[in-house]
Amino acid sequence: MKSMLTRPEETKEKTDIYKPGRRDFLKLGSLAATGLVLGVSFSCNDRKKGGEVTTFTANVYLSITSEGKVIITAHRSEMGQGVRTSLPLIIADELGADWEKVEIVQAEGDEEKYGNQNTDGSFSVRMFYNPMREAGATARLLLVRAAARKWEVPEEECSTDNSRVIHKASGKEIGFGELVDTAAALPVPGPDEITLKDPSEFKRIGKDTPIVDLDDIITGKAVYGIDAAVPDMKIAVVQRCPVVGGTVKSVNDKAALAVEGVLKVHTIEGAGIPPQLNKPLSGVAVIAENTWAAIQGRKALEIEWDLGPNASYDSEKQQQALLESTKGKGTVRREKGDFDQSLRGGSKVIEKTYLAPYYAHGTIEPPCALVWLKDGKCEVWAPTQHPQWARGSVAEALGMDIKDVKVNVTLIGGGFGRKSKPDFIVEAALLAQKSGYPVKVQWTREDDVQHDFYHAMSAQRIRAVIDKDNKVAGWNHHSVFPSISATSNAEAVQPSDGEMGLGCVDFPYDVPSIRIETHDAEAHVRIGWLRSVSNIHHTFASGSMLDEIAEARNMDPVANALDMLGEDRSITFNEEMPQGGYENYGESIEDYPWETGRLRRVIERVAKNSGWGKDMPEGQAQGFAVHRSFLTYVACVVEIAVDDRNNITIPNVYYAQDCGRPVNTDRIRSQFEGGSQFAASLALNSEITMKNGQVEQDNFDTYQIVRMPQSPQQIHVDIVESDAKPTGVGEPPVPPFIPALCNAIYKVTGKRIDKLPINLKPNA
C-alpha cells in the first residue's frame, strides 16, 4: 500500500493517473438522501495502445490498472484522524484487494466529482461507510463477472482475495489486472445486483491498520501546507487589525520597503462587521523573497488603525454579564413537565453556575496557503478541511469562474475546525492577484493565537430539584454564549438549534420536568467551531452537576447516572422543543436513534474496566462522566493525583465508547488518546482573554496546552463491538473528559470546579 500526497510541481503528473469515466453515471441512494451525489462512473476508453498501461476507472474513488494496481482516491482531508486510510480501507476490503499494494491519491477540491469534501463534524466514516462499500462491491462484481465469463463458470462460484478472482471449485485464479479490459466493457451493475460482504468476511474492517502516511510523517517526507512551493514563489505575512471590525486608516510602508528582500506592500480590506467565516480581516501585507524578510518588513510598517466598535471590548466583563443574564427568564428551547411545580414540591434544590473561556485552536501548523495565478487559471495548495468552500471563496474574491480555480489539498498539521474556514486562502489569492507573484501567505504562531475563530466563552446556570423520595424531579439549564452564526450575521444573538443540540437540549435523563433556556449574547470576536464545539461547555456544566446531584442524593456517581437514565429507551426530543428542533448532528433520528441503552452499556463497561470504587491512595481519586456526541456514546473515568502543591497529574484515563461498527480500531484508539490530551489542555491551561478589543495571549507561552507532566499518561480505550451504523470518533473523546477530571479533583481536594481553566490556588 502506498500513499501519495503531491508537491505542487508534481500535481499534473499525479492527477493524470486519475481519469473520471465518461459513461454510466450512477447515483447512490444513500448519498442522495443526504443531499449529496456520488458519481460512480466506468471508463471504457482507456484501452491498451501498444505497450501502454491502461486504466480501468471503476468509479471516481477507485481505479484498477491493467497491471493490477488498485488506486483509490481519498476525497477527504487528512489531519491525523486517519481518514486517508479508513475510507480507502473500506473499499479495498469490500473489493478484496491486496491492501499492501493499494495506492492512494489525494483528490483536489471538486464537488461535482467527489460530492461533499468538508472534513469536519466527525462524519467522514459515518457518511461514506456504505457508499464506499457499494463502490468496492460494484467493482468486485464486475471483475467476478469478467472472470466467470472467461472460465465459463457461474459467477456465484467466484470470489476475490488479494487482488485476485478465485474459482474455488476448479482452483483457478486470475489477477485483477488481467480482467480490467473485459470488466470495463460490462454494463454497470444496478444496486439490486450488488451484494455486500457479510462482516465475518472482512479482513481489515474492525481491525488495526496503521495509517498510510505513517512512514512519510516519521521520516519527514510528508507534504503539509507549510511545505508547498512553486518556482518564483514569494512569501507574504499580514499585519491584521488587532480588533475585529477595525480597518486600516493609513499606512507608511517606506521603512518596510527598505528591508532587503521586501518586494511589495498591499492593504487588504476586511469584511468589517460581521467579519464572516470566509473573508480576511483588514490588514497590511508585506510580500518578500523569504519569510524572514517579510516578517522584518512587517515590523517596520507604520499603521494607523480605526479600531471600530469593538475597541473597548473586555471579555471578562462580558462573561460576568452573561452570567448575570442567566438569572432571568430566557428563551425556552425545551420544556418537559412543569419545572416550577417540581421546584415547589422539591425537598432539595441545587443551583450551580459554570464558566468557560474563549479557546483558540492552537494547531501546530499555523494557517498557510499558496496561490499561483497563471494563464487565466488559479491553483491553490493549502491545508484545508473544506477545499470546495475554499475554491468557491477564492473564485468569488478574484472574480473568476470557479472552473478556473483548482484547490490541491495537502496534509494538515492540525485542524480542529480552524482550517475549515478559508479566510487565509482568500488572503493568499488576493495578494497573488495584486502582486502578480505566486504568493504563499504564512501565518505565524502569534498571528494564529491573536486572530483565530475562537470557541465561544460561555456561562451556564443549572438548577436541579430532588424530591422527598430522593429522586431527581426537575432540571433547569440556562445556557448563554455568542453563537457561531454571529460571525456571519451580526443579528444572531441566540445559539442555533445545532449548537443547542450539542449536549444541552439532548439531556437524556429520565427527569419528570426539564426546562432548557437560552439568553442573548453578542459576539465581539470571530466565533468558530472547535473540536466537539458546544459540547465542551455544555458537558462541563451538566457532567459536573450530575456529580453534585449524586452527592446530594448520597449516591455513587455511576449509580446515580444509571438511576437517572431510567429504562432503556429511544428519545426524539422534538416534541418537547417549542421552537426549532433537535438536529441529531444532521442525521434523522430514525437512522441514528438516541438510545439510552447504549449510554448505559458504556457506563457499565467503563466502571468495570477502571475498577470504579476501588480504594485509592491519599491524594488520588477517580472522576466519572458520560456523554453522547456526534452520535457516539462515551463514558470516561479520569484518575488523578494531586500533590501538596496542588500539582495535578493524570496517571490513567479509561474510556468505553460505542461508535457503532468500528472500522479501524488503531485510529479509534489514537483519536481517544489525542482527544484526552486536547481536553486536558482545555481544562487545565488554555484561555483566551481580551482587553480593549485585543487578545492578550500571543503564543504557546501564554496560550498554554498541556506539557508532558500534565498529560494523561495511560489512556485505556474499550471499543464496544456493535453492528450499528458507524459514527465518528474525532470529537467524542473531548466532552466527558473535562467533567470527569473536575469531579476527580473534587474528591481529592473538596473543591468544586465551576470555572475553566482549573485553578487550584488557595484564593481561586
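This note goes through the predicted model point by point, from the whole chain down to single residues.

1. Overall build. The chain holds 20 helices and 30 strands. Its radius of gyration is 27 Å, close to the 27 Å given by the globule rule for 764 residues, so the chain is as compact as a globular protein of that length. Along the principal axes, the C-alpha atoms fill a box of roughly 85 × 75 × 50 Å.

2. Of the 764 residues, 61% count as buried. Among contacts with a separation of 6 or more, 76% are between residues 24 or more positions apart.

3. How many residues line the second largest pocket, and which lie nearest its centre? The lining has 25 residues, and those nearest the centre are Arg140, Ser159, Thr160, Lys197 and Glu201. Helix 3 (83–95), helix 5 (124–151) and strand 6 (158–161) each give at least two residues to this lining. By class, the lining has 11 charged, nine nonpolar and five polar residues.

4. The largest cavity. The largest cavity has about 230 Å³ of space. It is lined by 21 residues, and Tyr509, Ser542, Gly543, Leu546 and Val626 are the closest to its centre. Two or more lining residues come from each of helix 16 (535–552), helix 17 (557–565) and strand 25 (620–629). The lining of the largest cavity divides into 11 nonpolar, seven polar and three charged residues.

5. The second largest cavity. About 80 Å³ of space lies here. Among the residues that line the second largest cavity are Cys241, Pro242, Val243, Val244, Gln450, His451 and Tyr454. The list also includes Leu281, Val525, Met690, Gly693 and Val695. Nine of the lining residues are nonpolar and three are polar, with no charged residue. Cys241, one of this lining, is buried, with a relative accessible area of 3%.

6. Cysteines. How many disulfides does a search of the whole structure find? The search finds zero. In general terms, a disulfide is a covalent bond between the sulfur atoms of two cysteines. For Cys378, the closest cysteine sulfur is that of Cys368, 16 Å away, which is too far for a bond; the cut-off for a disulfide is 2.5 Å between the sulfur atoms. Cys378 counts as buried, at 2% relative accessibility.

7. Thr487 lies in the loop between strand 21 (472–480) and helix 15 (497–500). Is Thr487 buried or exposed? Thr487 counts as buried, since its relative accessibility is 0% and the limit for that class is under 20%. Leaving aside residues up to four places away in sequence, Thr487 touches Pro274, Pro275, Gln276, Leu277, Phe453, Arg526 and Ile527. Ala459 is 28 residues from Thr487 along the chain, and their C-alpha atoms are separated by 19 Å.

8. Cis peptide bonds. As background, most residues other than glycine have a negative phi, and most peptide bonds are trans. Ile273 and Pro274 are joined by a cis peptide bond, with omega about 0°. Pro274 lies in the loop between strand 11 (262–268) and strand 12 (283–288), and Pro274 is also one of the residues that Thr487 touches. Another cis peptide bond joins Leu756 and Pro757, with omega about -5°. Pro757 is in the segment after helix 20 (734–749).

9. Positive phi values. Asp375 is not a glycine, yet its phi is positive, near 55°. Asp375 is found in the loop between strand 16 (368–374) and strand 17 (377–382), and it is exposed, with a relative accessible area of 72%. Ser532 also has a positive phi without being a glycine, at about 85°. Ser532 lies in the loop between strand 22 (513–518) and helix 16. Whereas Asp375 is exposed, Ser532 is buried, with a relative accessible area of 0%.

Conventions: Residues numbered from 1 in each chain as written. Predicted model: local features only at pLDDT ≥ 70, side-chain atom pairs only at ≥ 80, totals over all residues. Heavy atoms only, no water. 1 Å grid on protein atoms, 1.4 Å probe; cavity = no way out; pocket = protein on both sides within 12 Å on 5 of 7 lines; lining within 4 Å. Helix = DSSP H or I, 4+ residues; strand = E, 2+ residues; numbered from the N terminus. Nonpolar A, V, L, I, M, F, W, Y, C, P; charged D, E, K, R; others polar. Buried < 20%, exposed > 50% of the residue type's maximum accessible area, 1.4 Å probe, protein only. Rg over C-alpha atoms; globule rule 2.2 N^0.38 Å. Contact = heavy atoms within 4.5 Å. Points joined across faces, edges and corners; volume = space filled by probe spheres on them.
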